[in-house]
Amino acid sequence: MRDQQVCRWVEIAGVDIQTGPVYFRVPPTFPHRIMALTATEIWTRLLDRARGELPAQTFKTWLEPTTALLLDGDTITIGAPDRFTAEWNESKHAQLLASYAPVALGHPINIVFRVDEERRGRPQMDLFVAPLPDSKDTKAAATHASNIQLSARYTFQNFVIGKSNELAAAAAQAAAAAPGKVYNPLFLYGQTGLGKTHLMQAIAHEILSKSPGLRLCFVATEQFTNELVTAIQTRTTAAFRRRYREVDLLLVDDVHFLKRTEATQEEFFHTFNALYEAGRQIVLTSDRPPGEIPGLEARLVSRFQWGMVADIEPPDLEHRIAILQNKAHLDHLELTIPDDVIQFIAHHVWSSVRELEGSIIRLLAYASLKHMPVSIELAREALRDKLKSGSDDADLTTARLSVATIQAATAQEWGVTIDGLCSKSRTKHLTIPRQTAMYLIRELLGLQLVEIGAAFGGRDHSTVIHSLEKVLELTESPDYKRRIDSLRENLRQLPR
Ligand code: ADP
Ligand code: MG
């Protein structure tokens, strides 16, 4: 904003060898020629900035396939290859990109996304839109058999969406709405216990509810490998291939377990190709992105990246509360587990959704054993191990305000660990809470920059300065502001 009112800096060709680029300060009205950019030039400038700010995968998936269509006054219309991408960009990226305009263009701009009819479909989507075969009768039996593999609870309806999984959930819903046509394959990755299998099966439930006759195969990667080994030993590979290559929907769970053996990867590769070329939907899950799976052949890495790669991160506090409330509701436990106990668990257990669910089960077992109603005291006792084993868990209900408590509270809020905060990792899900914790330590404790750097794995003071500046920028987002404000409020209540 500030640049908009003052002036722009223009780099000119004349470069002084001694001092590097020469910059001239120019008044805002100078020269209109620069402002008269074409729609494409404007969009390129905004995208250049977004490329540096957004995670590479997000940029590649949502913004790369866009084109500038029209510039009308202060409004630029951007074309997206499909409705889902247009809507997603409109809700997630339009505001962010518009916020770059004052600096990048020298004036504000409105951004509108719509489907670009001319360019409808990304290359990989155009390739295979083969209709699914519909000889329903022969399929009914197979469907029944594979349905047994699905958990009835793993539906979209039971899946609580929050910031950490909204991309994955939206992609899964899109894949379920148009199997084989939009995101193929859909590759979901994230740490254990964050809902990958749940989401994958939700796709299957949704597709089957609309087309009950479809043949579906849900398989754990290890099972696929074991069956292949048996098939080779018993010379039944033809039957093995038929089983996997004639399905309409293939769900392969935990592909990071794909054996490094050539035969397994070879077979998987051909199965993948056969289904993909027939336009059948493939969904894969893994604990890491395709490129980071050790020993995975390059051709499989590239195929896994063809469609959509979406990650799931640990849920933040608000999301953990929602998941617990949903769980209590599903199991008719609203009256058994009071709200303050839900809050307590959400504050203290944050590593995964599976851990959250495990905490409830343990708590209920404990309550029934002791013949006592569920309360915070009982939860503290029942979950003693979990509370202690989280070394990050400075118990915020009794702690004093300190570097450690600020780190712990921030880590909890973002669902990350203190080790992560102090690590060298620069993934976005760690940098934002790390920068936030640094900022709050500076603000609430007034520590020196070098002291703050030292508390985060020995970072230098310029990194801390950058973090403080970054938080000021982030605060412009209402969502982020709400989070840091509430965190600060909670921390202020701690005794010093
Ligand atoms: P993963 O496959 O990533 O290890 P799962 O899909 O097995 O994780 O999920 C672990 C448990 O947590 C399951 O019981 C699942 O239903 C539940 N779960 C995970 N994410 C959510 C969510 N967003 N909403 C509701 N339940 C969830
Ligand atoms: Mg799983």
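Predicted model: local features only at pLDDT ≥ 70, side-chain atom pairs only at ≥ 80, totals over all residues.
**Entry 1**

The shell holds 16 residues, and Val160, Gly193, Thr197, His198 and Glu357 come nearest; a residue is near a molecule if one of its heavy atoms lies within 4 Å of it. By class, I recorded five nonpolar, eight polar and three charged residues in the shell around ligand 1. In this scheme Ala, Val, Leu, Ile, Met, Phe, Trp, Tyr, Cys and Pro are nonpolar, Asp, Glu, Lys and Arg are charged, and the others, Gly among them, are polar.

I then turned to polar contacts with the ligand, that is, pairs of N or O atoms within 3.5 Å. A nitrogen atom of ligand 1 lies 2.8 Å from a backbone N or O atom of Val160. A polar backbone atom of Gly195 is 3.0 Å from an oxygen atom of ligand 1. For Glu357, a polar side-chain atom lies 2.6 Å from an oxygen atom of the ligand. On its own, ligand 1 has 550 Å² of accessible area, of which the protein covers 91%; such areas come from the Shrake-Rupley method with a 1.4 Å probe. Helix 10 (196-210) and helix 17 are the elements that give two or more residues to the shell.

**Entry 1: conventions**

I noted that residues are numbered from 1 along each chain as its sequence is written, and that chains are lettered from A and ligands numbered from 1 in the order in which they are written. Local features need pLDDT of at least 70 and side-chain atom pairs count only at pLDDT 80 or more, while totals for chains, interfaces and linings use all residues; side-chain values use heavy atoms, with hydrogens and water left out.

**Entry 2: Glu357**

I located Glu357 in helix 17 (residues 353-370). Helices (H or I, at least four residues) and strands (E, at least two) are DSSP runs, numbered from the N terminus. Glu357 has 32% relative accessibility and so counts as partly exposed; buried means under 20% relative accessible area, exposed over 50%, and partly exposed in between, with a 1.4 Å probe and protein chains only. Its C-alpha atom is separated by 7.8 Å from that of Lys327, 30 residues apart along the chain.

**Entry 3: strands**

I followed the side chains along strand 5 (residues 110-115). Strand 5 pairs with strand 4 (residues 75-80) in the parallel sense over six bridges; pairing requires at least two DSSP bridges. Ala80 has Val115 of strand 5 as its bridge partner.

In strand 7 (residues 216-220), four of the five residues are buried, so the strand is largely enclosed by the rest of the structure. Strand 7 and strand 8 (residues 249-253) pair in the parallel sense over five bridges, and Leu216 has Leu249 in strand 8 as its bridge partner.

**Entry 4: backbone exceptions**

Most residues other than glycine have a negative phi, and most peptide bonds are trans. I found a cis peptide bond from Asn184 to Pro185, with omega near -5°. Arg235 has a positive phi, near 55°, and is exposed at a relative accessible area of 77%. His371 also has a positive phi, near 50°; it sits in the loop between helix 17 and helix 18 (376-382).

Key
Polar contact = N/O pair within 3.5 Å; in protein donor to acceptor, adjacent residues only side chain to side chain.
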